[in-house]
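Colleague: Before I rely on the labels attached to this model, I would like to hear how each of them was reached.

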Amino acid sequence: MKILGGILTVVGLITSIIFGIQAINDSESFNFLGLDIAVSSANWTPLIISLAVLIIGLVMVRKK
């Protein structure tokens, strides 16, 4: 159980970083009347799923 939890933790961490960078790069901003307005066109679903996998892996590692 701990080995599977460790694998899920590592996979979740790596994919969270990758999808997080993609989401940041997909965001755009523009100036309107002196204000910087951010518009996000990123797909947040893969990031949310990878964070869930990370949390599940951490719970599995900590569980006795």
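**Labels and their grounds**

Colleague: Why is Leu 33 called exposed?

Modeller: This is a predicted model, and in it Leu 33 has a relative accessibility of 78%; since exposed means over 50%, Leu 33 counts as exposed. Leu 33 sits in the loop that runs between β1 and β2.

Colleague: What makes the nonpolar surface patch, and which elements give two or more residues to it?

Modeller: The patch, of about 610 Å², is made by Phe 30, Phe 32, Leu 33, Leu 35, Ile 37 and Val 39. The elements that contribute two or more residues are β1, residues 27–32, and β2, residues 35–40, with β2 supplying the largest share, three residues.

Colleague: How do you know that the length of helix α2 agrees with its number of residues?

Modeller: Helix α2 covers residues 45–62, which is 18 residues, and at 1.5 Å a residue these should span 26 Å. The expected span is taken as 1.5 Å times one less than the number of residues, and because the end C-alpha atoms of α2 are 26 Å apart, the two values agree.

Colleague: Which residues of α2 are buried, and why are they said to line one face of the helix?

Modeller: The buried residues of α2 are Leu 47, Ser 50, Leu 54, Gly 57 and Met 60. Viewed down the axis of α2, these buried residues fall within an arc of 150 degrees, so they line one face of the helix. In general, an α-helix has 3.6 residues a turn, so residues three or four places apart point the same way. The buried residues of α2 pack against α1, residues 2–26, while on the other side of α2 the residues Ile 48, Ile 49, Ile 55, Val 59 and Arg 62 are exposed.

Colleague: Why is Ser 50 called buried, and what is Ser 50 in contact with, leaving aside its neighbours within four places in sequence?

Modeller: Ser 50, which is found in helix α2, has a relative accessible area of 4%; buried means under 20%, and therefore Ser 50 is buried. Apart from neighbours within four places in sequence, Ser 50 is in contact with Gly 12, Thr 15, Ser 16 and Phe 19.

Colleague: And why is Gly 6 given the label partly exposed?

Modeller: Gly 6, whose place is in helix α1, has a relative accessible area of 26%. Gly 6 and Leu 47 are 41 residues apart in sequence, and their C-alpha atoms are 19 Å apart in space.

Methods
Residues are numbered from 1 along each chain as its sequence is written. This is a predicted model: local features need pLDDT of at least 70, side-chain atom pairs count only at pLDDT 80 or more; totals for chains, interfaces and linings use all residues. Side-chain values use heavy atoms; hydrogens and water are left out. Patches are made of residues with over 30% relative accessible area and no salt bridge: like charges are joined within 9 Å, nonpolar side chains (Val, Leu, Ile, Met, Phe, Trp, Tyr) within 5 Å. Accessible areas come from the Shrake-Rupley method with a 1.4 Å probe; for residues, only the protein chains shown count as cover. A salt bridge is a side-chain nitrogen of Lys or Arg within 4 Å of a carboxyl oxygen of Asp or Glu. Helices (H or I, at least four residues) and strands (E, at least two) are DSSP runs, numbered from the N terminus. Buried means under 20% relative accessible area, exposed over 50%, partly exposed in between (1.4 Å probe, protein chains only). The arc is that of the directions from the helix axis to the C-beta atoms. Contact means heavy atoms within 4.5 Å.
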